[in-house]
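Here is a short briefing for a first look at this structure. Keep the sequence and the 3D view open as you read.

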Amino acid sequence: ESSNLEMVTLEGVAHLTRQRQQQLGGRCPGAAFVLTDDTGSIEVTIRRTNRLLAPLREGDRVQVTAQIEVLRSRDNVQYRICVDATDIQHLTP
């Protein structure tokens, strides 16, 4: 909640996703990959994919600069956190 609409830097391993049907609770639209580290995982969308210098491959270790968006229901209940990447840097293994 405290990071809503803030820019953050995350590091982890990219796992490519396929477009899935929306499930109850929904997903962030256009999720491109799942970023995982030793604390867990989160879906990441890519803002302006034409700015991505090197294509992502399964298992790439990356650093992601992203904007966090906490989405709430009409009852003001948090139900989803979206991570919208603005920059992705490949890290050496």
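Asp60 counts as buried in this predicted model, because its relative accessibility is 9%, and buried means under 20%. Its place is in the loop between strand 3 and strand 4. Asp60 forms a salt bridge with Arg57. Arg57, at 57% relative accessibility, counts as exposed.

**Around Asp60**

- In the Asp60–Arg57 salt bridge, the closest N and O atoms are 3.8 Å apart.
- The side chain of Asp60 also reaches the backbone nitrogen of Arg57, at 2.8 Å.
- Which side chain makes a polar contact with the side chain of Asp60 at 3.1 Å? That side chain belongs to His90.
- Leaving aside residues up to four places away in sequence, Asp60 touches Gly12, Val13, Ala14, Pro55 and His90.

**Gly59, in the loop between strand 3 and strand 4**

- Gly59 is found in the loop between strand 3 and strand 4.
- Is Gly59 buried or partly exposed? Gly59 is partly exposed, with a relative accessible area of 40%.
- Gly59 touches Val13 and Ala14, again not counting residues up to four places away in sequence.
- From Gly59 to Leu35 the C-alpha distance is 9.6 Å, and the two are 24 residues apart in sequence.

**The second salt bridge pair**

- The structure holds 2 salt bridges.
- One of them joins Glu11 and Arg61, with the closest N and O atoms 4.0 Å apart.
- Glu11 lies in strand 1 and Arg61 in strand 4, so this pair ties together parts that are 50 residues apart in sequence.
- Glu11 counts as partly exposed, at 38% relative accessibility.
- Arg61 is partly exposed too, with a relative accessible area of 35%.
- As a general point, side chains of opposite charge can pair when their charged atoms come close.

- Thr45 lies in strand 3, which covers residues 40-46.
- Thr45 counts as buried because its relative accessibility is 11%.
- The side chains of Thr45 and Asp84 are joined by a polar contact of 3.2 Å.

**Asp38, in another loop**

- Asp38 has its place in the loop between strand 2 and strand 3.
- Is Asp38 buried or exposed? At 78% relative accessibility, Asp38 counts as exposed.
- Asp38 and Gly12 are 26 residues apart along the chain, and their C-alpha atoms are separated by 8.5 Å.

**The nonpolar core**

- The largest nonpolar core has 14 residues.
- Those with the most contacts inside this core are Phe33, Leu35, Val44, Leu56, Val62, Val64 and Ile88.
- Which strands each supply at least two residues of this core? They are strand 1 (7-16), strand 2 (33-37), strand 4 (61-72) and strand 5 (78-90).
- Strand 4 gives the most to this core, with 5 residues.
- In soluble globular proteins, nonpolar side chains tend to be buried together.

**The overall build**

- The protein has 5 strands and 0 helices.
- Along the sequence, the pattern reads β-β-β-β-β.
- Of the 93 residues in the protein, 26% are buried.
- What share of the contacts with a separation of 6 or more comes from residues 24 or more positions apart? The share is 56%.
- The accessible surface comes to about 6500 Å², and carbon and sulfur atoms hold 47% of that surface.

**Confidence in the model**

- The protein averages a pLDDT of 79, and 75% of the residues score at least 70.
- Among the elements, strand 1 has the highest mean pLDDT (93) and strand 5 the lowest (83).
- Where does pLDDT stay under 50? This happens over residues 20-25.
- For residues 20-25, the model has 6 contacts beyond four places in sequence.
- Where pLDDT is low, the predicted coordinates should not be read in detail.

Terms used:
Residues are numbered from 1 along each chain as its sequence is written. This is a predicted model: local features need pLDDT of at least 70, side-chain atom pairs count only at pLDDT 80 or more; totals for chains, interfaces and linings use all residues. Side-chain values use heavy atoms; hydrogens and water are left out. A nonpolar core is a set of buried Ala, Val, Leu, Ile, Met, Phe, Trp, Tyr and Cys residues joined through side-chain atoms within 4.5 Å. Buried means under 20% relative accessible area, exposed over 50%, partly exposed in between (1.4 Å probe, protein chains only). Helices (H or I, at least four residues) and strands (E, at least two) are DSSP runs, numbered from the N terminus. Contact means heavy atoms within 4.5 Å. Accessible areas come from the Shrake-Rupley method with a 1.4 Å probe; for residues, only the protein chains shown count as cover. A polar contact is a pair of N or O atoms within 3.5 Å; within protein, one must be able to donate a hydrogen and the other to accept it, and residues adjacent in sequence count only if both atoms are side-chain atoms. A salt bridge is a side-chain nitrogen of Lys or Arg within 4 Å of a carboxyl oxygen of Asp or Glu. pLDDT is the predictor's confidence in each residue, from 0 to 100.
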